[in-house]
Amino acid sequence: MKMNDRYKAIIRELEMKNKIGVADIAIKLNVTPETIRKDLSALEEKKKLRRIHGGAIQYFGVIIEPHFNKKVGIFHPQKKMIGEAAATFIMDGDLVALDVGTTTFQIASAIKDVKNVTIVTNSLAAAELLNSRIENRLFDGKVIVLGGISNPLQRSISGSITNKLLEQFYFDKAFISCGGINKEGICDFNVEEATASSIMMKRSKQIIVAADSSKLNQRALFHIGPFSAIDYLITDQKMPADWSKDPVFGQVDWITVGDANES
């Protein structure tokens, strides 16, 4: 198959699946994995996709974050497993900070069988879901929705009012979402939401970051916090081999869910 034909086939596959793996595409196109890796690198330079460990995802740009309703369907099975794993950290009586994001939304979807839990959130989507689960007696507790400026496209609340309110709390656990994870720490697309996430981290005894593997080794615009501040990282991929040798990454408990053997 000629190079341009491979490019077209790769883009078509990506449009159908949102995420593709090097090994699967190599078999499908009857070429070597090394050829596919080179193709993916070339397509990434053309801004046709974004490379991730073991494959590629659709390209959304560097500055513009996809809308919430678009993101919620991307990597949905992985996010669901991450959310279910993260929800097991919540115990009776906990005061929890729940960040904005489609992965933390899955945490809200999975909370059950706990009592007297207070959840503070700036996610309108999560707040609506949590209230429904309390009403249906899936868990016992209350939801505190932070005030501030609403972002309809991300179904979130942020800004100076949000930050001032967050400064009043002492959290047992903070569940943080992000747009990127790298050696410097975690980061996000929106400065206001990144600031709120940072305050949640500073005001919490325990910090759990929930992020699918597409965020690994990626850099969004605004810094949230250092990697050393994280207690647990829950994702769907094992720690990359080159990361495991770095003492910076060795400070966090890395929890892998699902099938993490893709290469």
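Visitor: Which residues point one way from strand β2, and are they buried or exposed?
Guide: In this predicted model, strand β2 covers residues 49-52, and its side chains fall into two sets, with R50 and I52 on one side. The other set points the other way, and the residues of both sets are buried. Opposite R50 and I52, then, are L49 and R51, which are buried.

Visitor: Which residue in the turn between β2 and β3 has a positive phi?
Guide: Strand β3, residues 55-58, runs antiparallel to β2 and is joined to it by 4 bridges, with R51 standing opposite A56. The two strands form a hairpin with 2 residues between them, and the turn residue with a positive phi, about 85 degrees, is G54.

Visitor: With which residue does K28 form a salt bridge?
Guide: The closest N and O atoms of this pair are 2.9 Å apart.

Visitor: How far apart are the closest N and O atoms in the salt bridge of K173 with D94?
Guide: K173 belongs to strand β9 (residues 171-176) and D94 to the loop between α5 and β4, so that the pair links distant parts of the chain, 79 residues apart. Both K173 and D94 are buried, and their closest N and O atoms are apart by 2.6 Å.

Conventions:
Residues are numbered from 1 along each chain as its sequence is written. This is a predicted model: local features need pLDDT of at least 70, side-chain atom pairs count only at pLDDT 80 or more; totals for chains, interfaces and linings use all residues. Side-chain values use heavy atoms; hydrogens and water are left out. Buried means under 20% relative accessible area, exposed over 50%, partly exposed in between (1.4 Å probe, protein chains only). Two strands pair if DSSP finds at least two bridges between them. A salt bridge is a side-chain nitrogen of Lys or Arg within 4 Å of a carboxyl oxygen of Asp or Glu.
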